[in-house]
Amino acid sequence: AAGVTAGSVSRRWMAAGMTSAVDLRYASVLQRVAAQKQASAAVGKDCEELDSMIQSSSVLAAFLKDTSQSSATKSAVLAQISKTAGMSEVTTNFLRLVADNGRAAELPGILKTVNGMAAAKVGGGKAVVTTTEPLTEWNKVKLEKQLAEFFFPDKPDASVEVVNQIDKSIMGGMQVQMEDKFIDASVRQELIKIKELLRSAM
């Protein structure tokens, strides 16, 4: 297979409709600078951590989108977050750039793009698995291996992280959402298929 480059990953990511032009442009800049500074691993860790912070804090997410807050204020807050979390110099400078350019509202999308592009290079990512009961740790580990093999058959180093959510309405089985791919192996879906077959047979 041909080598995977940042450019090829970026083009596939955008072609699949997984990101905006702004997200892709800033994510590509960050990855390029991180590679030049030999800080890719540290920057990748920073982006995952910051993405998690924003997802878990509705206050922070709202602040980034708040148009009444100046770019300078957002830049100062992001700088403090970066300092407190011990993020790399590359990440700190990048966050300042994003805020100063008035793009803080796009930061969540930029971070997701960075994380997604990094995962695409080796294969992997997060899969949201919906079940009626929580998965045991053993079942979760087993499913992560199976999903990595299913979604990335040509990438032996691929890894998939399962995020388990509960929905009693699917009645059993499971649903899997992996980026833009969706597998519905729920009992509810099987019942729908049976009803459609019965309806067509009448």
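**Helix packing and nonpolar cores in a predicted model**

Modeller: In this predicted model, α5 passes α6 in a right-handed crossing; helices are DSSP runs (H or I, at least four residues) numbered from the N terminus. Residues are numbered from 1 along each chain as its sequence is written. Local features need pLDDT of at least 70 and side-chain atom pairs pLDDT 80 or more, totals for chains, interfaces and linings use all residues, and side-chain values use heavy atoms, without hydrogens and water.

Biologist: What makes a crossing right-handed?

Modeller: The near helix is turned clockwise from the far one by less than a right angle, and the passage of α5 over α6 is assigned to that class.

Biologist: Why is α5 called roughly antiparallel to α6?

Modeller: Their axes, lines fitted to C-alpha atoms over the stretch in contact, cross at roughly 165 degrees and come within 8 Å. Angles between N-to-C directions run from 0 to 180 degrees, and those over 145 count as roughly antiparallel, so α5 is roughly antiparallel to α6.

Biologist: Which residues of α5 and α6 meet?

Modeller: With contact meaning heavy atoms within 4.5 Å, Ser71, Lys74, Ser75, Leu78 and Ser82 in α5 meet Thr92, Leu95, Arg96, Ala99 and Asp100 in α6. The contact has 3 nonpolar, 4 polar and 3 charged residues.

Biologist: What makes a set of residues a nonpolar core?

Modeller: Its members are Ala, Val, Leu, Ile, Met, Phe, Trp, Tyr or Cys, buried (under 20% relative accessible area, 1.4 Å probe, protein chains only) and joined through side-chain atoms within 4.5 Å. The largest such core has 28 residues, and Leu78 is among those with the most contacts inside it. α2 gives the most, with 6 residues.

Key. Buried means under 20% relative accessible area, exposed over 50%, partly exposed in between (1.4 Å probe, protein chains only). Helices (H or I, at least four residues) and strands (E, at least two) are DSSP runs, numbered from the N terminus. Angles under 35 degrees count as roughly parallel, over 145 as roughly antiparallel, 65 to 115 as roughly perpendicular and the rest as oblique. Ala, Val, Leu, Ile, Met, Phe, Trp, Tyr, Cys and Pro count as nonpolar, Asp, Glu, Lys and Arg as charged, and the others, Gly among them, as polar.
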